[in-house]
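Let's get to know this model through a few questions and answers. Have a look at it before reading on.

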Amino acid sequence: MTLTIDSTITLNNGVEMPLLGLGVLQSAAGSETECAVRYALEANYRHIDTAAIYGNEREVGKSVNAGIVSRDDIFVTSKVWTTNLSYEGAKHAFNASMEKLGFDYLDLYLIHWPTNDWRGAWRALEELYEEGRVRAIGVSNFLPHHLNELLQICSIRPAVNQYEMHPYLQQPELRKLCQDNGIAVTAWSPIMKGRVLAVPELVAIGEKHGKSAVQVTLRWLLQLGVIAIPKSVNKDRIEANADLYDFELSEDDMATINALDQGERIGPHPDTFRG
């Protein structure tokens with residue numbers, strides 16, 4: 001499989017979304033996030049994933065708008081938080097995010113969790129999309145039953161479902177449902193907050209390829225056609241997380257990683273999370 005730093009996935013509305021991005025969850029507001037985004041752009045990342053609840057949209061926007069790379073060449077995702085999950089709330093939240101980001105348009109806007117009035121919020125997202133204020137809309141942390149309900153009531157099919165996915169939580173049924181319905185998958189917490197470094201099978205595969213367990217895990221996701229958004233604020237790690245294109249995992253490597261699934265969550269369960 002030929003993959004490069006420029007590799008994208010074509011969303012169901014024709015928009016191209018980069019397969020590798022920088023996540024900024026828990027990146028501190030101020031210089032930490034500004035620098036992390038700058039490091040990523042300098043390392044040829046073209047995808048930044050933020051959210052209203054992260055508290056760093058302003059810093060993301062500042063670095064994206066700094067001119068390191070043309071704004072039109074950078075794909076930025078943000079999300080509406082649970083407290084604004086209603087029709088009016090989502091409209092208000094989107095405007096607030098856009099003011100902080102300093103953008104004329106957003107590339108992807110997601111419902112962050114399937115709670116409160118997410119159905120009303122989805123109507124608002126559909127209108128924002130139809131108005132051309134966002135290039136694609138989607139959801140985050142939607143399980144099969146949430147997704148099936150959304151597919152029954154939506155006028156515009158979600159382009160992306162972002163959820164927890166890593167070697168210990170692979171959710172293959174959810175990924176198949178998404179892919180069968182033309183919904184791209186984004187993996188959050190893809191490297192298990194660094195815990196992949198202690199997984200012997202991943203370490204062994206890495207040694208074979210001259211790569212770290214982190215790089216092996218990210219490559220595994222990309223070869224599955226899953227978008228990965230590892231978080232880091234360290235320049236060297238941000239660069240290393242993008243050094244994925246001079247090796248390829250074999251079918252045996254992929255099978256070994258696929259067999260690691262334990263159904264083990266790092267984050268909350270979507271059915272019980274309320275925000």
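Q: Where does Gln-171 lie, and is this residue buried or exposed?
A: This is a predicted model, and in it Gln-171 lies in the loop between β8 (160-164) and α6 (172-180). Its relative accessible area is 12%. Buried means under 20%, so Gln-171 counts as buried.

Q: What is phi of Gln-171 near?
A: Most residues other than glycine have a negative phi. Gln-171 isn't a glycine, yet its phi is positive, near 45 degrees.

Q: Which residues line the largest cavity?
A: By the rule used here, the count comes to one cavity of 30 Å³ or more. The largest cavity holds about 40 Å³ of space. Its lining divides into five nonpolar, two polar and two charged residues. The names are Asn-141, Leu-143, Tyr-163, Glu-164, Gln-171, Trp-188, Arg-265, Pro-268 and Pro-270.

Q: Is His-146 buried or exposed, and which residues does His-146 touch, not counting residues up to four places away in sequence?
A: Look for His-146 in helix α5 (residues 144-153). Its relative accessibility is 7%, and the cut-off for buried is under 20%, so His-146 counts as buried. Not counting residues up to four places away in sequence, His-146 touches Pro-114, Trp-118, Asn-141, Pro-270 and Asp-271.

Q: Where is Lys-193 found, and is Lys-193 buried or exposed?
A: Lys-193 is found in the loop between β9 (184-188) and α7. Phi of Lys-193 is near 55 degrees, a positive value in a residue other than glycine. Exposed means over 50%, and at 66% relative accessibility Lys-193 therefore counts as exposed.

Q: Which residues are the closest to the centre of the largest pocket?
A: Start with the pocket itself, which has a volume of about 780 Å³. Its lining takes in 34 residues. The closest to the centre are Leu-25, Gln-26, Ser-189, Lys-193 and Lys-231.

Q: Which element gives the largest share of the lining of the largest pocket?
A: By class, this lining has 17 nonpolar, 13 polar and four charged residues. Two elements give two or more residues to the lining, namely α8 and α9 (235-241). The largest share, three residues, comes from α9.

Q: At what angle do helix α7 and helix α8 pack?
A: Helix α7 covers residues 200-209 and helix α8 covers residues 213-223, with their axes 8 Å apart. The angle itself is about 90 degrees.

Q: Which residues of α7 and α8 make the contact?
A: The residues of the contact of α7 with α8 divide into five nonpolar, two polar and no charged. On the α7 side you'll find Leu-202, Val-203, Ile-205 and Gly-206. On the α8 side they are Ala-213, Val-216 and Thr-217.

Q: Where is Ala-51 found, and how does its relative accessible area come out, buried or exposed?
A: Ala-51 is found in the loop between β4 (47-49) and α2 (57-64). Leaving aside neighbours within four places in sequence, Ala-51 is in contact with Glu-57, Ser-78, Lys-79 and His-112. Its relative accessible area is 0%, so Ala-51 is buried.

Q: How many Å apart in space are Ala-51 and Val-76, C-alpha to C-alpha?
A: Along the sequence, Ala-51 and Val-76 are 25 residues apart. In space, C-alpha to C-alpha, Ala-51 and Val-76 are apart by 10.0 Å.

Notes. Residues are numbered from 1 along each chain as its sequence is written. This is a predicted model: local features need pLDDT of at least 70, side-chain atom pairs count only at pLDDT 80 or more; totals for chains, interfaces and linings use all residues. Side-chain values use heavy atoms; hydrogens and water are left out. Axes are lines fitted to C-alpha atoms, for helices over the stretch in contact, and angles run from 0 to 180 degrees between N-to-C directions. Helices (H or I, at least four residues) and strands (E, at least two) are DSSP runs, numbered from the N terminus. Contact means heavy atoms within 4.5 Å. Ala, Val, Leu, Ile, Met, Phe, Trp, Tyr, Cys and Pro count as nonpolar, Asp, Glu, Lys and Arg as charged, and the others, Gly among them, as polar. On a 1 Å grid over the protein atoms alone, a cavity is a set of points where a 1.4 Å probe fits but cannot get out, and a pocket is an open set with protein on both sides within 12 Å along at least five of seven lines; lining residues have an atom within 4 Å of a point. Grid points are joined across faces, edges and corners, and a volume is the space filled by probe spheres set on the points. Buried means under 20% relative accessible area, exposed over 50%, partly exposed in between (1.4 Å probe, protein chains only).
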